[in-house]
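Welcome, and please take a moment to look over the model below.

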Amino acid sequence: MADNARAKKLADLIREVVAEKLQRGIKDPRLGTHVTITDTRVTGDLREATVFYTVYGDDEERASAAAGLESAKGILRSAVGRAAGTKFTPTLAFVADALPENAKTIEDLLDKARASDAQVREASSGAHFAGDADPYKKPGEDEAAE
């Protein structure tokens, strides 16, 4: 079992090597400049690595990028093995990152909240308090009223 610092260091190295190799080393037109490596996670025994990526484009481009990454898996793994210099090169699994979709959902919810706040602000703009401006009794007021 490796410690977490070593796994984190290997994950960072894998992310950098895969991103560099995708940018400069692989000539697959399905990958191009549309693929961005967002995160990498390595298991505790350093045998498996999960590489998260996003694709700029529509669903067809996402599917072709996934197929391109699967076909380039061996080349990428050998590049990681050369760079890491470890006894065992981890196997790579590519997973599409759901971060952009989650961010879009959060932005939509925040827009709804802003619209609702604007409606409440507009409805309360001409409103007055139900009671006095200061509803609390002050010492000496009861005696002065009598």
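## How the helices cross

A crossing is called left-handed if the near helix is turned anticlockwise from the far one by less than a right angle, and right-handed if clockwise. Helices (H or I, at least four residues) and strands (E, at least two) are DSSP runs, numbered from the N terminus. This is a predicted model, in which local features need pLDDT of at least 70 and side-chain atom pairs count only at pLDDT 80 or more, while totals for chains, interfaces and linings use all residues. Residues are numbered from 1 along each chain as its sequence is written, and side-chain values use heavy atoms, leaving out hydrogens and water.

With that in hand, α1 passes α3 in a right-handed crossing. The contact (heavy atoms within 4.5 Å) draws on Leu10, Leu13, Ile14, Val17, Val18, Lys21 and Leu22 of α1, and on Ile75, Leu76, Ala79, Val80, Arg82, Ala83 and Ala84 of α3. Its residues divide into twelve nonpolar, no polar and two charged; Ala, Val, Leu, Ile, Met, Phe, Trp, Tyr, Cys and Pro count as nonpolar, Asp, Glu, Lys and Arg as charged, and the others, Gly among them, as polar.

## Serine 78

Helix α3 also holds serine 78. Between the C-alpha atoms of serine 78 and histidine 128, 50 residues apart along the chain, the separation is 72 Å.

## The hairpin

Strands β1 (residues 35-42) and β2 (residues 48-55) pair in the antiparallel sense over seven bridges; pairing requires that DSSP finds at least two bridges between two strands. Threonine 36 stands opposite threonine 54 in β2. The two strands form a hairpin with five residues between them, and leucine 46 in the turn has a positive phi of about 60°.
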